[in-house]
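Welcome, and thanks for taking a look with me. Here are some notes to read alongside the structure.

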Amino acid sequence: MLGNFTYCNPTKLYFGKDALNGLKEELPKYGKRVLLVYGGGSIKKNGIYSRVLEILQACGKHVSEDAGVMPNPTVDKVYEGIARAKEAKADLILAVGGGSVCDYAKAVSVSVNCKEDFWDKYFVRGEEPDCETIPVGCVLTMVGTGSEMNGGSVITNRAQKRKYGHVFGSDFYPKFSILNPEFTFTVPKYQMVSGIYDIMSHILEQYFSDTDDNTSDYIMEGLLRSLIHSAEIAVQDATNYEARSNLMWTATWALNTFIAKGKSTDWNVHSLGQALAAYTDATHGMTLAAVSMPYYRLILPYGLEKFKRYAIHVWGVSPDGKSDETIAREGLAAMEAWMRKIGLVMNITDLGGKRELVEGYVEATRDREGGYKTLTDQDIRDIFQASF
Ligand code: NZQ
Ligand code: ZN
């Protein structure tokens, strides 16, 4: 049964080959000063930077820059961003990049006028902003996180060895996002495959919760089938527009709160992956891939009906003459084969994980509820041990 919910997603999207024209429509809505935020320089190599700058200048904006946002953005970088945004007196923060740049822009936006330490307030205590914030817009250059249309922001505290996310309310979503699938053509294969699994994990961590016959589950099965199909094409052919556009659109819908409606949702794979990343700084989607199979095999007996449905509806497993458990396990085996085929990292050793640090990973794993089994410390230890 669908529970009660409110649904509001205020982010305006511009999608397709001409999406950047949307920037010309959006920029006049904000003041003159724009803080242009980006990562390590990919946008300069692929020409997106100069195209964006040209539009900013044509719209008469005064542009300040905050470059060098790293994958898995850190607390220290956010402090730097707060200083830059203040100095620039920014009326708009324009994030041009992937999830890290977009998450970082949101973190800076809500922290510029925050009277307390932003890490403690938002990321440790999970509070909402009660200060003035700066609007954020996004030009997305890689797919996966869904950050372009949600309130999520994930920040890493290297000193504390914690990677925590906070999902801000809809007032703090990007006001607009530009989604041109062509902008993702230059994403390196490792990053792209990682992003593909991030999308899959977002869907699965909402799908594998509750046992009812929920409309959201049917939507998710459709999204998963499109993802599996398009991912294989995109891995073979980096400039296949149809595959890239399907991936981009699926990523957005996987985590813009829509499919979570009426679901309790399970974020344990993300919690495990973030604990690992807090120590290793490994690429987000890869951390999820590396712990997923041990996690799903552990919880399968507690959600058998759903794993069986997943095997049949998503992976096309034939149920004829088989026990529920056999069907469910065949579904996971098909998923694992697909993961290996597209080139995901399937163990934490390759991501820099170390057996002697497992107790640290267990402590850094924050969410343990929501899935078919509430995870104990021993469960988490077992999952990490099985992931080497
Ligand atoms: O820094 P540059 O030089 O731009 O290179 C980036 C970066 O090295 C490169 N890249 C991006 N677009 C490119 C490109 N290279 C060539 N051509 C392009 N068009 O890709 C690298 C990775 O970028 P990043 O932004 O880190 O990737 P992603 O989009 O996967 O973001 C990961 C971050 O998002 C968080 C993750 O934890 C991680 O910190 N997440 C955010 C979520 C949210 N807001 O809701 C949810 C997710 O579960 C996730 O946790
Ligand atoms: Zn994710």
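**Notes for a first look**

The residues lining the largest cavity comprise 4 nonpolar, 2 polar and 1 charged. Please keep in mind throughout that this is a predicted model.

1. Let us stay with that cavity for a moment. Which residues line the largest cavity? They are Met 142, Val 143, Thr 184, Val 187, Gln 191, Met 192 and Arg 244. About 30 Å³ of space lies inside the largest cavity, and a search of the whole structure turns up 1 cavity of 30 Å³ or more.

2. Now step back to the overall layout. The chain is divided into domain 1, residues 12-183, and domain 2, residues 189-386. Where the two meet, 29 residues of domain 1 are in contact with 26 residues of domain 2.

3. Phe 185 sits in the loop between strand 8 (176-179) and helix 7 (189-207). Is Phe 185 buried, partly exposed or exposed? Its relative accessibility is 22%, so Phe 185 counts as partly exposed. Beyond its neighbours within four places in sequence, Phe 185 is in contact with Ala 238, Thr 239, Tyr 241 and Arg 244. Of these contacts, Thr 239 is 54 residues away from Phe 185 in sequence, yet their C-alpha atoms are 5.4 Å apart. Arg 244, another of the contacts, is also one of the residues lining the largest cavity.

4. Which residues of helix 3 are buried? They are Ile 48, Tyr 49, Val 52, Leu 53, Ile 55 and Leu 56. Viewed down the axis of helix 3, these buried residues fall within an arc of 160°, so they line one face of the helix. On the other side of helix 3, Glu 54, Gln 57 and Ala 58 are exposed.

5. What do the buried residues of helix 3 pack against? Their partners are helix 1 (21-26), strand 2 (33-38), helix 2 (42-45), strand 3 (62-66), strand 4 (92-97) and strand 5 (136-140). After helix 3 comes Gly 60, which has a positive phi near 75°.

6. Asn 72 is in the loop between strand 3 and helix 4 (75-88). With a relative accessible area of 7%, Asn 72 is buried. Setting aside residues up to four places away in sequence, Asn 72 touches Ser 100, Thr 156, Lys 163, Asp 281 and Ala 282.

7. Lys 89 has a positive phi near 50°, in a residue other than glycine. Lys 89 lies in the loop between helix 4 and strand 4 and is exposed, with a relative accessible area of 57%. Lys 161 also has a positive phi, near 55°. The place of Lys 161 is the loop between strand 6 (152-157) and strand 7 (162-167), and at 35% relative accessibility Lys 161 counts as partly exposed.

Methods
Residues are numbered from 1 along each chain as its sequence is written. Chains are lettered from A and ligands numbered from 1 in the order in which they are written. This is a predicted model: local features need pLDDT of at least 70, side-chain atom pairs count only at pLDDT 80 or more; totals for chains, interfaces and linings use all residues. Side-chain values use heavy atoms; hydrogens and water are left out. Buried means under 20% relative accessible area, exposed over 50%, partly exposed in between (1.4 Å probe, protein chains only). Helices (H or I, at least four residues) and strands (E, at least two) are DSSP runs, numbered from the N terminus. The arc is that of the directions from the helix axis to the C-beta atoms. Contact means heavy atoms within 4.5 Å. On a 1 Å grid over the protein atoms alone, a cavity is a set of points where a 1.4 Å probe fits but cannot get out, and a pocket is an open set with protein on both sides within 12 Å along at least five of seven lines; lining residues have an atom within 4 Å of a point. Grid points are joined across faces, edges and corners, and a volume is the space filled by probe spheres set on the points. Ala, Val, Leu, Ile, Met, Phe, Trp, Tyr, Cys and Pro count as nonpolar, Asp, Glu, Lys and Arg as charged, and the others, Gly among them, as polar. Domain bounds come from an automatic or database domain assignment.
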